[in-house]
Amino acid sequence: MPRNTLTQDQIVRAAVELLDAEGLEGLNMRALGKRLDSAATAVYWHVKNKDNLVLLAADHVWSELAQPDLNPADWRTAAVTMATDLYQMFTQHPWLVQAFAAHVLYGEGKSRHDDHSLAVYEAAGFTADQADQAAAAVFTYVLGNAAGAAATASLTRRLNQDGATAEKQLQDAMAKAQAIAMHYPRLRARLETPAATDYAASPDKTFELGLQALLDGLERQLAPQPR
């Protein structure tokens, strides 16, 4: 595709697809040009470099997040919705979690989301400083939980690429981890149950439980303090 028929939006959308499939390590202008049926030089005409492309792709994904209505009487519903949507975004696009370690992510989409997140907590009655802290605490919790899913996605991609050798390495590593865990009574009790098929897996509803506990703690800040 000649450079004058390409648009930045086309390039960014293709980059998101490539990142979802190959991760940060699989993103390069040659692979992107091939996906667009275009020369890599045509891509550079619209995008400065790989780092700039990662920023644009991240902000494109961020811009797709919804903004729940603000309801001071039910601010937790909006907070849970935003946190859950953010978690789903990270798990559907696990390269975003990787990107936080190597890039300062910013853009219109992220700013729009961050501003609305602050508005949710301010509508609940938090002061500006408290809203900053609350939004940051929830964001950090979501990102931390998504890190496991991102690592699993990266490992799965490597297994699909490397085939039987990587699969055997994973099985060996899990067997060794389980053998060590069997020396500890609480881990052993869980591993000996029929449901214990994956030593590294988190229990069901872990994200939801932790989020509610975090919001419970934040909500206590709104209660009148005893004199």
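**Salt bridges, burial and helix packing**

User: Why is Arg13 called partly exposed?

Analyst: Arg13 has a relative accessible area of 44% in this predicted model. Asp9 has a relative accessible area of 41% and is partly exposed by the same rule.

User: How do you know that Arg13 and Asp9 form a salt bridge?

Analyst: The closest N and O atoms of the two residues are 2.9 Å apart. The cut-off is 4 Å between a side-chain nitrogen of Lys or Arg and a carboxyl oxygen of Asp or Glu. The pair therefore qualifies, at 2.9 Å. Arg13 and Asp9 both lie in helix H1 (residues 8-22), 4 residues apart, which means that about one helical turn separates them.

User: What makes Glu17 and Arg35 a salt bridge?

Analyst: Their N to O distance is 3.7 Å, and the limit is 4 Å, so the pair counts. This pair links distant parts of the chain, with Glu17 in helix H1 and Arg35 in helix H2 (residues 29-35), 18 residues apart. Glu17 is at 47% relative accessibility and Arg35 at 40%. Both values fall between 20% and 50%, so Glu17 and Arg35 are partly exposed.

User: Is Arg76 buried or exposed?

Analyst: Arg76 is buried, because its relative accessible area is 15% and buried means under 20%. Arg76 forms a salt bridge with Glu219, whose closest N and O atoms are 2.8 Å apart. Here too the pair joins distant parts of the chain: Glu219 sits in helix H11 (residues 206-220) and Arg76 in helix H5 (residues 75-92), 143 residues apart. Glu219 is partly exposed, at 33%.

User: Which residues are linked with Arg76 in a network of salt bridges?

Analyst: The network consists of Arg76, Asp216 and Glu219. In the whole structure, the search finds 5 salt bridges.

User: Why is H1 called roughly perpendicular to H4?

Analyst: Two packed helices are described by the angle and the distance between their axes. The axes of H1 and helix H4 (residues 50-62) cross at roughly 85 degrees and come within 9 Å. Angles from 65 to 115 degrees count as roughly perpendicular, and therefore H1 is roughly perpendicular to H4.

User: Which residues of H1 and H4 meet?

Analyst: On the H1 side, the residues include Ile11, Val12, Val16 and Leu19. Asp9 and Arg13 are also among them. On the H4 side they are Leu53, Leu56, Ala57, His60 and Val61.

User: How much of the contacts in the protein with a separation of 6 or more comes from residues 24 or more positions apart?

Analyst: Such residues account for 70% of those contacts.

Definitions and conventions:
Residues numbered from 1 in each chain as written. Predicted model: local features only at pLDDT ≥ 70, side-chain atom pairs only at ≥ 80, totals over all residues. Heavy atoms only, no water. Helix = DSSP H or I, 4+ residues; strand = E, 2+ residues; numbered from the N terminus. Buried < 20%, exposed > 50% of the residue type's maximum accessible area, 1.4 Å probe, protein only. Contact = heavy atoms within 4.5 Å. Axes fitted to C-alpha atoms, helices over the stretch in contact; angles between N-to-C directions. Parallel < 35°, antiparallel > 145°, perpendicular 65-115°, else oblique.
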